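Subject: Handing over a structure

Hello,

Here is the structure I promised to pass on to you. Have a look at it first, and then read on for my notes.

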Amino acid sequence: MKQKIIARSLATIVVACGVLAACGSGPSEAEFVQACVASSSPQMGVDEKMCSCAAHEAKSNLPAVSYRAMVLTMQGKKQEAEALLGDMPFEKRAEFGMKQFEILGKCFQDT
């Protein structure tokens, strides 16, 4: 049951992030962790360890623009993140969304 709640909540974050892109090397992993923990409700059971894993995996496996978009979205800066979207094709957005599911699935399964 707890995993279903986590999956549903994270799916919301992933969908929001899936349509976004950004530029530059982006925020640090510590900033990602802070945003991840702050944007997760206590019922989700998401803790700093899970968010740290997700931050490391995202920083290592996503383009900088995608990584930054995830952080902006978790920080509640959706308009800023959307402004960075540019002309990202649907296929790239879908690829980004799938990669996020992969990262989050690995981190939330391993903990």
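How many salt bridges does the count come to? The count comes to two salt bridges. Please keep in mind as you read that this is a predicted model.

Let me begin with the salt bridge between Glu 57 and Lys 106, whose closest N and O atoms are 3.8 Å apart. Glu 57 belongs to helix 3 and Lys 106 to helix 6, so this pair ties together parts that are 49 residues apart in sequence.

Lys 99 is partly exposed, with a relative accessible area of 25%.

Next, the disulfides. The count here comes to two.

- Cys 36 and Cys 51 form a disulfide with sulfur atoms 2.1 Å apart. This pair links distant parts of the chain, with Cys 36 in helix 2 and Cys 51 in helix 3 (residues 48-61), 15 residues apart. Both Cys 36 and Cys 51 are buried. The torsion about their S-S bond is about -65 degrees, so the disulfide is left-handed.
- Cys 53 is joined to Cys 107 by a disulfide, with 2.1 Å from S to S. Here too the pair links distant parts of the chain: Cys 53 sits in helix 3 and Cys 107 in helix 6 (residues 90-110), 54 residues apart. The S-S torsion of Cys 53 and Cys 107 is about -75 degrees, so this disulfide is left-handed. Cys 107 is buried, and its relative accessible area is 0%.

If you count the bonded cysteines along the chain, the disulfides follow the pattern 1-2, 3-4.

Now for the aromatic rings. The structure holds one aromatic pair. Phe 32 and Tyr 67 make up this pair, which is stacked, with 5.5 Å from centre to centre and 15 degrees between the planes. Phe 32 is in helix 2 (residues 29-39) and Tyr 67 in helix 4 (residues 64-74), so the pair ties together parts that are 35 residues apart in sequence. Both Phe 32 and Tyr 67 are buried.

Some of these residues turn up again in the largest nonpolar core, which has 21 residues. Which of them touch the most other members? They are Phe 32, Cys 36, Val 46, Ala 58, Leu 62, Met 70 and Phe 108. Helix 2, helix 3, helix 4 and helix 6 each supply at least two residues of this core. In general, nonpolar side chains in soluble globular proteins tend to be buried together.

Leaving out residues up to four places away in sequence, Val 46 touches Cys 36, Ser 40, Cys 51 and Phe 108. Among these contacts, Cys 36 and Cys 51 are the two partners of a disulfide.

That is what I have for you. Do write back with any questions.

Best wishes

Conventions
Residues are numbered from 1 along each chain as its sequence is written. This is a predicted model: local features need pLDDT of at least 70, side-chain atom pairs count only at pLDDT 80 or more; totals for chains, interfaces and linings use all residues. Side-chain values use heavy atoms; hydrogens and water are left out. Rings of Phe, Tyr and Trp (its six-membered ring) pair if their centres lie within 6.5 Å; planes under 30 degrees apart count as stacked, over 60 as edge-to-face and the rest as tilted. Helices (H or I, at least four residues) and strands (E, at least two) are DSSP runs, numbered from the N terminus. Buried means under 20% relative accessible area, exposed over 50%, partly exposed in between (1.4 Å probe, protein chains only). A disulfide is a pair of cysteine sulfur atoms within 2.5 Å. A nonpolar core is a set of buried Ala, Val, Leu, Ile, Met, Phe, Trp, Tyr and Cys residues joined through side-chain atoms within 4.5 Å. Contact means heavy atoms within 4.5 Å. A salt bridge is a side-chain nitrogen of Lys or Arg within 4 Å of a carboxyl oxygen of Asp or Glu.
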